[in-house]
Amino acid sequence: MRIALYGGEGKVGVVLQPALVAAGHEVVDARGSGPEGCDAAVDFTRPDAVLANVEQCLAAGIPVVIGTTGFDLGALDNLAREAGVPCFHAPNFATGAVLMMRFAEESAKAFPRAEIVELHNEAKRDAPSGTAKATAARMGTDPAIHSVRLPGLVAHQEVIFGGPGETLTIRHDTFSREAFVPGVLLALDRVRELPPGLTIGLDALL
Ligand code: NAP
């Protein structure tokens, strides 16, 4: 496919760009040229840039895979529905993070008391992370979320459950941004078959 990439020079983008090419895609830097003529687009930019980028794609009828977090997902869903174009967003494209959320949802049924600690690189703009908010929503027990921002970290999360005389800790660590590549490739493979509007979460594709 011909892919319009927004954010190709960012920390995720520099890993994603060569991986998309290695997977057989042609990659266009959409920041200057726009997405016209592309089959799909990918956005890993920033919360205050993503909606304008997506609107450009929707105007051209191009489906978008969105990795950017910390923006209004409801607004994006409305825009995509109005345009009749499918879009996909995962708060976390790492396979292990998807499983962590699944296990946390399951564990919350037995342990109503839990707290989430999410740890990310100091450059991350939004807090709490999209992954932590999505995990809490799936648990349904309104866990407190603690955000840590420090150099040296990539993306990490612990969900700690406490009960009488025991705790259970579910932890996921992303050590390199290569962890996001398989999920983005899967989403690109599937996004054009999705219904118009926004589909959220890799679980919907696995
Ligand atoms: P980053 O290093 O700050 O990179 C963002 C890139 O986007 C920068 O190169 C920036 O360029 C560029 N950019 C800014 N505005 C733009 C625009 N209007 N059009 C095109 N490009 C633009 O951030 P990152 O660590 O790669 O993360 C990017 C986003 O993905 C963040 O929201 C992060 O939370 C999210 N993320 C999601 C996942 C997931 O699995 N869903 C995983 C990791 C990260 P300038 O520096 O020139 O502004």
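Tutor: The ligand takes up the space of the largest pocket. A pocket, on a 1 Å grid over the protein atoms alone, is an open set of points where a 1.4 Å probe fits, with protein on both sides within 12 Å along at least five of seven lines; lining residues have an atom within 4 Å of a point. A molecule sits in a pocket if more than half of its atoms lie within 2 Å of its grid points. The model is predicted: local features need pLDDT of at least 70, side-chain atom pairs count only at pLDDT 80 or more, and totals for chains, interfaces and linings use all residues. Residues are numbered from 1 along each chain as its sequence is written, and side-chain values use heavy atoms, without hydrogens and water.

The ligand is surrounded by 21 residues (a heavy atom within 4 Å). Lys11, Val12, Gly67, Thr69 and Phe93 are the closest.

Now the polar contacts (N or O pairs within 3.5 Å). A polar side-chain atom of Thr69 is 2.9 Å from a ligand oxygen. For Arg31, a side-chain N or O atom lies 3.1 Å from a ligand oxygen. Gly10 uses a polar backbone atom, 3.2 Å from an oxygen of the ligand.

Notes. Polar contact = N/O pair within 3.5 Å; in protein donor to acceptor, adjacent residues only side chain to side chain.
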